[in-house]
There are 2 protein chains.
Amino acid sequence: MHFLMRGDLSDVRRDGIFVRGEGENFRASKVNCYNSTKEIGPCDLVIVAMKTTSNSDLVDLVPPLLHEKTMVLTLQNGLGNEEFLAKHFGAERVLGGLCFIAVTRHSKTEVERYDYGLVIIGELEGAAQSRTHHVAAEFIRAEVKCKVTDDIALERWRKLIWNIPFNGLSILAGRIDTAAIVRDEHLRQLTLDLMEEIIEAANQCRHPLAQDAWREHIKRSEKMSGYKPSTLQDWESGKPLEIEAIWGEPVRRAVAAGGQMPRTEMIYELLKALDHTRRSK
Amino acid sequence: MHFLMRGDLSDVRRDGIFVRGEGENFRASKVNCYNSTKEIGPCDLVIVAMKTTSNSDLVDLVPPLLHEKTMVLTLQNGLGNEEFLAKHFGAERVLGGLCFIAVTRHSKTEVERYDYGLVIIGELEGAAQSRTHHVAAEFIRAEVKCKVTDDIALERWRKLIWNIPFNGLSILAGRIDTAAIVRDEHLRQLTLDLMEEIIEAANQCRHPLAQDAWREHIKRSEKMSGYKPSTLQDWESGKPLEIEAIWGEPVRRAVAAGGQMPRTEMIYELLKALDHTRRSK
């Protein structure tokens, strides 16, 4: 395993990474990290785990890692990432994955884990192949729960049922966590309205989500003790927000399919405006 | 003219009220102000100009001002104020009015005027009567531009075309003024989407606003140099927000008429949540 660390390389080389959370605390003291992908060289599997707001950097970062059969797996949020990789590095290399985790990076070398979570991976197009199962087996060997899906696009929409409302409202409703959202009857209703809108849009885009697919997401959030969604974490640490991947691209796809997502679009426009206002201050 | 001043009575008694603005600055040094409506006693016309968030106080404040023929004119924002007065003091007394002004109260005794504006008044139900014209003549005698309408409910919806987007987005997009909203292409689009939604809802509620009624509102905002809508002023001075009158009541009426206002409803829920978050901090 080789890690590209464009930021905190010297800190992580010195201190490793400390992971804390209920039931298990450990320090990965030797992290195999690098300053550039050229130092790493060709690999069998490239896992893309950076923020989607840096996707344009991938155009230069990925090529040194590729040999003829290298697979590129994106574990990023939102829609459009597999397609971006396919466009630049060839569709045959691309796998997509989703992380159902709840972690917060408190400092350069310290991560808090709220939940063990799950990774779901699949091929860019169509059913899982033997290579998909092989990659999943590697995750499982590293004690990361991992499942394979025959339809990653459907699973991405399913994950958006959570990310679109919770990541958005956590910022727009005044920087609050998931517990505060489900506790407030109005925000809870707005969350349900958004979830319904997302499920309808997914179906219009021919990703057949069940009408009650929102149920598991609300349940999951009720069980979580207050968690700050990644976009709120990004906001608080002054990082760019993944606005296009989580809100912009779903809205564009729904509109292209003849539908509309008025509530999601509103979050989209408001977050862009908030982000813009913040930067210009 | 008698003014009820529940707050800044001693300041205004001492300093009067200073009004500044392009072309004219003056101090009203003797303001006929009172601490309670009992001191004022029965009047021919009661003008209600307080925030709608204090409407419940009117139940006790208004009765000492009433004689048999006293008219009660609300100049407040949003929907539901005439009905509130009618319920408590009798429908036959009630007139409604709209203020198209742009003023900011900078301190207890200082007001800045950005625009001379206009007052439009009408009867609670149906066409203007001779008393309506009589009240309008009093405004005009005081050099306040005033028009009479035969359909105040329609004019209230027309005013909401402006208040619903601008008052809401000014807070939700990061405490910005009207100029920043019309300058940002996304917020401008969102404003137009909201305006369309409001016009549709008005028509569903049988208030026939023209499909292009948004045009004059956008023009007006383009001409204004950045103005902070009243709700943003309230937010910045820590006052309660007029959420029910401006967003809640229109949404409820649209839903009751079989329509929906998803974007307006979202502003409504988000403002309630923001307000709640702010109070609990």
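1. Cys43(B) counts as buried, at 16% relative accessibility; buried means under 20% relative accessible area, exposed over 50%, and partly exposed in between, with a 1.4 Å probe and protein chains only. The sulfur of Cys43(B) has its closest cysteine sulfur in Cys33(B), 14 Å away, which is too far for a bond.

2. Basis of the values. This is a predicted model, in which local features need pLDDT of at least 70 and side-chain atom pairs count only at pLDDT 80 or more, while totals for chains, interfaces and linings use all residues. Residues are numbered from 1 along each chain as its sequence is written, chains are lettered from A and ligands numbered from 1 in the order in which they are written, and side-chain values use heavy atoms, with hydrogens and water left out.

3. How many disulfides does the structure hold over all chains? The number is zero, where a disulfide is a pair of cysteine sulfur atoms within 2.5 Å. Cys33(A) is in no disulfide, and the nearest cysteine sulfur, that of Cys43(A), is 14 Å away. Cys33(A) is also buried, at 5% relative accessible area.

4. Fold of chain A. The secondary structure of this chain consists of 12 helices and nine strands; helices (H or I, at least four residues) and strands (E, at least two) are DSSP runs, numbered from the N terminus. Chain A has a radius of gyration of 19 Å, close to the 19 Å from the globule rule for 281 residues, so it is as compact as a globular protein of that length. The radius is taken over C-alpha atoms, and the rule is 2.2 Å times the number of residues to the power 0.38. The C-alpha trace of chain A spans about 50 × 40 × 40 Å along its principal axes.

5. Packing and surface of chain A. Of its 281 residues, 55% count as buried. Among contacts in chain A with a separation of 6 or more, 69% are between residues 24 or more positions apart; contact means heavy atoms within 4.5 Å. The chain exposes about 13,500 Å², of which carbon and sulfur atoms supply 50%; accessible areas come from the Shrake-Rupley method with a 1.4 Å probe, and for residues only the protein chains shown count as cover.

6. Charges of chain A. There are 38 positive and 41 negative side chains, and the centres of the two sets lie 4 Å apart. Lys and Arg count as positive and Asp and Glu as negative, while His and the chain ends are not counted. The place of a charge is taken as NZ of Lys, CZ of Arg, CG of Asp or CD of Glu.

7. Trp247(A) belongs to helix 11 (residues 243-256) of chain A, and is buried at 0% relative accessibility. Leaving aside neighbours within four places in sequence, its contacts include Asn163(A), Ile164(A), Thr231(A), Ile267(A) and Leu271(A). Ser107(A) is 140 residues away along the chain, with 27 Å between the two C-alpha atoms.

8. Which residues does Ala173(A) touch, not counting those up to four places away in sequence? They are Leu187(A) and, in chain B, Leu270(B), Ala273(B), Leu274(B) and Thr277(B). Ala173(A) sits in the loop between helix 6 (152-172) and helix 7 (178-183) of chain A, and it is buried, at 0% relative accessibility.

9. His217(B) is part of helix 9 (residues 214-223) of chain B. Its relative accessible area is 3%, which counts as buried. Beyond neighbours within four places in sequence, His217(B) contacts Arg158(B), Lys159(B), Ile161(B), Trp162(B) and Met195(B). Gly41(B) is 176 residues from His217(B) in sequence and 40 Å in space, C-alpha to C-alpha.

10. His134(A) is placed in helix 5 (residues 130-141) of chain A. Is this residue buried or partly exposed? At 48% relative accessibility, His134(A) is partly exposed. Val148(A) is 14 residues from His134(A) in sequence, and their C-alpha atoms are 9.9 Å apart.

11. Positive phi angles. Arg206(A) is not a glycine, yet its phi is positive, at about 65°. Arg206(A) lies in the loop between helix 8 (185-204) and helix 9 (214-223) of chain A and is exposed, at 76% relative accessible area. In chain B, Arg206(B) has a positive phi near 65°. Arg206(B) lies in the loop between helix 8 (185-204) and helix 9 of chain B, and counts as exposed at 75% relative accessibility.
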